[in-house]
Amino acid sequence: QVQLVESGGGLVQSGGSLTLSCAASESILSFKSMSWNRQAPGKQRQVVATIVKDGTPAYLDSVIGRFSVSRDIAKNTVYLRMNGLKPEDTAVYSCSAFDRFSYWGQGTQVTVSS
């Protein structure tokens, strides 16, 4: 069974940076795509960034220019580098992976103070 484990969340001041990691239990090239998602209390989950199998990224409009998704194939890990964090970025961030099925991690809390 595929496992995804996120790490790197925490508390940061507005304007600060964090890097989230998502470690997969198998080769990330076995997935068609992997995504970073977030959900704030009382709000719908959003797809923040996606990286497809060929490495092409895509981003939520509100994070373009601030967030960057990358991967280390040898480490079976996908990263989300978040710069210029804003209070509205506060949420639980989770990663997901898709092939014939979808797989989800437990999530990591990111809190941005003003």
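**Disulfide and strand pairing in a predicted model**

With 55 degrees about the S-S bond, the link of C22 and C95 is right-handed. The model is a predicted one.

User: Why is the pair C22 and C95 called a disulfide?
Analyst: The criterion is a pair of cysteine sulfur atoms within 2.5 Å. The sulfur atoms of C22 and C95 are 1.9 Å apart, so the pair meets the criterion. By this rule the count comes to one disulfide.

User: Are C22 and C95 buried or exposed?
Analyst: Both C22 and C95 are buried, which means that each has under 20% relative accessible area.

User: Why are β4 and β5 said to pair?
Analyst: Pairing requires at least two bridges between two strands. Strands β4 (residues 33-39) and β5 (residues 46-52) share six bridges in the antiparallel sense, and therefore they pair. In β5, A49 is the bridge partner of W36. The hairpin of β4 and β5 has six residues between the strands, and G42 there takes a positive phi near 75 degrees.

User: How do you know that β5 and β6 pair?
Analyst: Three bridges join β5 to β6 (residues 57-59), and the cut-off is at least two, so the strands pair. They run antiparallel, with I51 opposite P57 in β6. Four residues lie between β5 and β6 in their hairpin, where G55 in the turn has a positive phi of about 95 degrees.

Key. Residues numbered from 1 in each chain as written. Predicted model: local features only at pLDDT ≥ 70, side-chain atom pairs only at ≥ 80, totals over all residues. Heavy atoms only, no water. Buried < 20%, exposed > 50% of the residue type's maximum accessible area, 1.4 Å probe, protein only.
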